[in-house]
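Here is a short briefing to read alongside the model. Please have your viewer open as you go through the points.

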Amino acid sequence: EYRRYITTFNNGTIGDSFDIAKRCLNPNAAAHWASKINGDQWIVHQHAQKVFSAIRERKRICYEADGKIDAIKEILKIFPDRKTIIFSESIKFSDRVKDAIGNKCVTFHSKMGVKARRNALDEFSLPGSNITTISTVKALNVGFNVPSCSLGITASGSSKSLDLFQRLGRTLRWEEGKDAIFIQLFLDLECIDLVSQDRKWVKRRSISIKGAVEWLSGVNKLKS
């Protein structure tokens with residue numbers, strides 16, 4: 001869908017078609033662009049809206065893909081004894097992760113009350129607790145301190161390096177004798193648009209640590 005409608009903004013221009021489409025969300029800008037390509041103002045405007053509708057849907061799929069839940073479950077089988085934080089970008093997906101893992105996992109996100117969030121952290125932090133995994137959205141990026149946590153999984157994230165550094169900080173806090181693992185998931189599907197976008201976000205946020213990144217083609221390549 002994105003590629004179908006972005007072509008409206010590729011003709012007769014020097015510049016980025018995405019930026020032109022963004023400007024054409026404004027009807028006046030759409031009219032100006034339509035005059036350049038001998039097109040109809042409202043068709044141009046409608047195509048701009050459809051471009052961004054497709055972008056939102058692409059992002060939702062990247063953030064909430066069922067395959068990522070399957071991958072998380074496989075990773076936890078490989079590292080069953082590690083305290084684990086799973087980061088995602090949507091509350092809906094965070095709750096789905098908890099449901100998929102079961103009673104060894106708690107959630108922590110902004111739609112929970114203060115007491116519920118405090119209880120979740122206490123359960124996860126307590127030595128010897130049956131709770132080994134916490135599924136969270138951005139709420140846990142900052143101010144979390146559980147040094148015994150040694151496995152971090154980013155199911156989805158933005159392209160911002162700061163978000164990645166904050167998540168790394170939750171996982172890599174020093175503790176004597178500790179070794180930590182941080183895994184970032186990206187899609188591997190037949191749809192090239194989805195795969196390239198998800199991988200692009202991982203690359204952009206990881207650029208400052210690229211020397212420390214190892215790319216694997218699947219969860220089956222991980223070693224315990």
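**Strands, a sheet and a few side chains**

T107 stands opposite S135 in strand β3. This is a predicted model, in which local features need pLDDT of at least 70 and side-chain atom pairs count only at pLDDT 80 or more, while totals for chains, interfaces and linings use all residues. Residues are numbered from 1 along each chain as its sequence is written, and side-chain values use heavy atoms, with hydrogens and water left out.

**Strand β2 and its partner**

- Strand β2 covers residues 105-108 and strand β3 residues 133-136; strands here are DSSP runs of E with at least two residues, and helices are runs of H or I with at least four, numbered from the N terminus.
- Four bridges join the two strands, which run parallel; strands pair if DSSP finds at least two bridges between them.
- C105 has T133 of β3 opposite it.
- C105 and T107 point one way from β2, V106 and F108 point the other way, and all are buried (under 20% relative accessible area; exposed is over 50% and partly exposed in between, with a 1.4 Å probe and protein chains only).
- In a regular strand, side chains alternate between the two faces of the sheet.

**The sheet as a whole**

- Five strands form an open sheet in the order β2-β3-β1-β4-β5, with parallel pairing.
- At the edges are β2 and β5 (181-184), each pairing on one side only.
- From one strand to the next, the twist averages 20° (axes are lines fitted to C-alpha atoms, for helices over the stretch in contact, and angles run from 0 to 180 degrees between N-to-C directions).
- Helix α5 (residues 66-78) packs on the sheet, where it touches β1 (83-87), β3, β4 (149-154) and β5; contact means heavy atoms within 4.5 Å.
- The direction of α5 makes about 160° with that of β4.

**S150 in strand β4**

- S150 lies in β4 and counts as buried because its relative accessibility is 8%.
- Residues that S150 touches, leaving aside those up to four places away in sequence, include R82, T171, K178 and D179.

**An aromatic pair**

- A search of the whole structure finds three aromatic pairs.
- One of them is F18 with F52, a tilted pair at 5.3 Å centre to centre and 45° between the planes (Phe, Tyr and Trp rings, the six-membered one for Trp, pair if their centres lie within 6.5 Å; planes under 30 degrees apart are stacked, over 60 edge-to-face, the rest tilted).
- F18 counts as partly exposed because its relative accessibility is 29%, whereas F52 at 13% counts as buried.
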